[in-house]
Structure formats: structure tokens, C-alpha cells
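Reader: I would like a close look at one part of this model. Keep it brisk, and start from a single residue.

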Amino acid sequence: MQKVMALEEAIARHVRDGVTIALGTGLESAIPFAAGHEIIRQGRRDLTLVGPISDILFDQLIGAGCVARVIAAWVGNVGAGIAYNFRRAIEEGIPRPLEIEDHSNLTVALALEAAARGVPFLPSRTALGSDIVRRHARLREIVCPFTGDRLLAVGALAPDVTILHVPRCDADGNAHLWGNLGVSLEAARAAGTVLLTCEEVVEPAVIRSDPNRTLVPGFLAGAVAAVPYGSHPSPTQGYVNRDDRFYDEYHAETRSRDGFLGWLERMVLTTDGQSGYLAAVGEDRIRGLRPRTPRLAAPVNYGL
């Protein structure tokens with residue numbers, strides 16, 4: 001099966017109205033902004049978003065009216081604090097009411113890990129005694145059958161699609177990951193399919209040369225799209241640094257609903273895919289985000 005395709009086709013094939021999507025699973029790193037923008041362009045609706053710390057990609061999807069439900073530990077702007085679209089949706093139902101399933105970072109990770117293992121829940125002591133557990137459909141207090149201890153059962157969470165931005169992968173979807181992984185591996189293994197955007201598609205020999213770095217195997221991947229700078233404004237280690245100024249500018253411009261709609265029109269809706277988005281950001285600015293000093297890992301000898 002041919003997995004390499006344009007991002008537009010990958011989203012059209014794998015992201016339907018009403019699906020549950022995990023994205024932004026690398027915490028503040030490798031957030032698949034380009035994929036999120038294409039979801040907005042294609043007008044998807046009634047999505048459930050899953051992530052620990054989603055940063056402003058969740059805010060953009062919420063403001064565009066794509067989202068019905070969020071399962072997350074935190075939604076905001078890591079660089080500036082509040083996410084205004086998220087707040088408007090919760091407080092005013094603008095552009096639509098939003099359902100929230102509240103979690104800690106660890107309970108999101110455990111819910112995904114339970115699904116990845118094919119079990120209905122995983123036990124933990126985290127969050128016991130906190131307000132998060134109250135009237136929560138996925139978090140329930142239980143008694144350990146072996147010790148009698150009070151534990152928390154974290155119910156499994158299986159996304160329909162997990163979208164990851166990775167440094168490199170081959171045409172079969174065997175992906176090398178490094179840097180901050182967050183819950184990317186749990187989310188990939190828990191999902192019905194994985195959509196990969198990558199900085200570059202490389203020959204299989206490159207992937208085979210370092211098998212321990214192949215953290216997402218190709219049989220999990222349903223699509224591969226080469227999208228350089230596809231995580232901007234978040235970083236992809238070794239390829240692009242974090243655009244701190246972008247977060248501040250977004251924070252200021254999206255304070256009002258009209259401000260966000262202007263930003264959305266200029267940066268997403270009227271741009272020609274990722275190339276148009278990068279042009280709107282500015283070539284010089286993107287060039288300035290490239291790592292200036294290579295910091296290579298030590299070679300690994302796989303000889304027998």
C-alpha cells in the first residue's frame with residue numbers, strides 16, 4: 001500500500017467528522033501544526049481532541065469550530081498563558097459549546113497506555129483525593145484485590161487517529177524519533193491508525209542503520225506526508241527551533257474573537273497549504289529558526 005501522499009490527501013483519508021484525534025503528544029515539541037491547519041481548511045467538525053499539553057494548536061482548532069470535546073490535562077498558550085478561544089468556548093459557547101474531560105498529564109498517559117496494551121484500565125495511585133476524580137467517567141476508585149489498597153482505575157482511551165510530526169521516516173512509515181517524546185509512543189500504539197508528518201522521507205537503509213531509534217514501526221502508520229517545518233511554531237529537535245515570538249503575537253491578536261478570525265483568515269484559510277503558511281510567516285524568519293550549531297550524538301556500533 002502506498003503510504004506517502006500529500007498532507008491534503010492524508011487528512012481527507014484519515015480524519016473524518018466526529019473522530020477522536022490525539023495530537024500534540026510530544027508536550028511542547030513536534031506539535032503537528034501543519035496537519036491541524038489542514039484539518040481546519042477541510043472544515044472537519046465534531047472532533048474529539050486528545051493530548052496532555054496541547055499548546056495553541058487545540059486553541060486554533062477550537063476557534064475554527066472543529067471541536068466538540070477535549071480530553072486533556074491543559075489547554076493554553078505555553079508562551080503566554082491563557083488560550084482565548086478555549087476560554088470563549090467554555091464561558092460563552094463561542095463558536096460552539098465545548099465538552100471537557102479533565103485529566104492530569106499522567107492519567108492521559110495511562111489511559112493511552114491501557115488502550116495500547118489492550119486492557120480496559122490501568123491501576124494507579126495518582127490523582128486520588130483530587131477534584132479531578134469527582135464524577136469522572138474514566139477515572140474510578142477501586143480496591144486492589146491483592147492488597148486491599150485504595151487505587152485509581154484509569155480507563156483505556158483509544159483514539160481513532162494519532163497524528164505525529166517526526167524528524168524522519170521511510171516510505172513505509174518506519175519513523176525515527178528523538179528529543180522530547182511525551183506520550184507519543186503510547187498514543188501511536190493506542191490509535192486505530194497513525195498519520196505521520198515528517199521533516200524528510202529517507203531511504204529505508206537510513207532507518208535500518210539505527211533500529212533502536214525506530215520508535216514508531218511502519219505497520220502502525222496509515223499515511224506519511226513530507227511537511228518540512230510542519231511543527232512550526234513548536235520545535236522539532238535538530239530541524240527547527242521554537243518560534244517564541246509567534247506565541248506572543250498569537251496571544252495578542254487572538255484576544256478578541258474578531259482578532260482570531262483575522263489571524264485564521266490570513267495564516268490558515270487563505271494560504272496555499274504549508275508552503276503558503278510558511279510564506280506568511282516569512283522566509284527570513286523561518287531561516288532564523290534553523291539550528292545554528294550541530295550537536296551530534298555519539299556513533300553507535302551495531303556490529304556483532
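Leaving aside its neighbours within four places in sequence, which residues is Ile-163 in contact with?

Author: First, the ground rules. This is a predicted model, so local features need pLDDT of at least 70 and side-chain atom pairs count only at pLDDT 80 or more, while totals for chains, interfaces and linings use all residues. Residues are numbered from 1 along each chain as its sequence is written, and side-chain values use heavy atoms, with hydrogens and water left out.

Now Ile-163. Beyond four places in sequence, its contacts are Ile-11, Val-15, Ile-21, Ala-22, Leu-23, Pro-32, Ala-35, Ile-39 and Leu-195. Contact here means heavy atoms within 4.5 Å.

Next, the core. The largest nonpolar core has 52 residues, and Leu-61 and Ile-163 touch the most other members. Such a core is a set of buried Ala, Val, Leu, Ile, Met, Phe, Trp, Tyr and Cys residues joined through side-chain atoms within 4.5 Å. Buried means under 20% relative accessible area, exposed means over 50%, and partly exposed lies in between (1.4 Å probe, protein chains only). A second, separate core has 20 residues, among them Ala-111, Ala-127, Val-183 and Ala-190.

Ala-127 deserves a stop. It is buried, at 17% relative accessible area. Its phi is positive, about 70 degrees, although it is not a glycine. Ala-127 sits in the loop between strand E5 (121–124) and strand E6 (139–143). Helices (H or I, at least four residues) and strands (E, at least two) are DSSP runs, numbered from the N terminus.

Ala-30 is another non-glycine with a positive phi, here about 50 degrees. Its place is the loop between strand E1 (20–22) and helix H2. Ala-30 also touches Ser-231. Ser-231 is buried, with a relative accessible area of 0%. It lies in the loop between strand E12 and helix H8. Ser-231 and Gly-36 are 195 residues apart in sequence, yet their C-alpha atoms are 9.8 Å apart.

That loop, between E12 (221–226) and H8, also holds Pro-233. The peptide bond joining His-232 and Pro-233 is cis, with omega about 15 degrees. There is also a cis bond from Ile-94 to Pro-95, with omega near 5 degrees. Pro-95 is in the loop between H4 and strand E4 (99–102).

Move on to H8 itself, residues 244–253. Phe-246, Tyr-247, Tyr-250 and His-251 are buried there. They share the same side of H8, because they cover an arc of only 135 degrees around the axis. The arc is that of the directions from the helix axis to the C-beta atoms. An α-helix has 3.6 residues a turn, so residues three or four places apart point the same way. The cover over the buried residues of H8 includes helices H2 (33–41), H3 (56–63), H4 (84–92), H9 (257–269), H10 (273–281) and H11 (283–288).

H10 has its own buried set: Gly-273, Gln-274, Gly-276, Tyr-277, Leu-278 and Val-281. What covers them includes H1 (7–14), H2, H8, H9 and H11. Just after H10, Gly-282 takes a positive phi of about 115 degrees.

Then the open space. The largest pocket holds about 870 Å³. Lining it are 40 residues, of which Trp-178, Gln-237, Gly-238, Tyr-239 and Arg-295 are the closest to its centre. A pocket is found on a 1 Å grid over the protein atoms alone: an open set of points where a 1.4 Å probe fits, with protein on both sides within 12 Å along at least five of seven lines, and lining residues have an atom within 4 Å of a point. Strand E8 (161–169) gives the most to this lining, with six residues. By class, the lining has 20 nonpolar, 14 polar and six charged residues.

Asn-105 lies in helix H5 (105–117). It is partly exposed, at 36% relative accessible area. Asn-212 is in the loop between helix H7 (204–208) and strand E11 (214–216). Asn-212 counts as exposed, at 62% relative accessibility. Between the C-alpha atoms of Asn-212 and His-165, 47 residues apart along the chain, the separation is 18 Å.

How values were computed. Grid points are joined across faces, edges and corners, and a volume is the space filled by probe spheres set on the points. Ala, Val, Leu, Ile, Met, Phe, Trp, Tyr, Cys and Pro count as nonpolar, Asp, Glu, Lys and Arg as charged, and the others, Gly among them, as polar.
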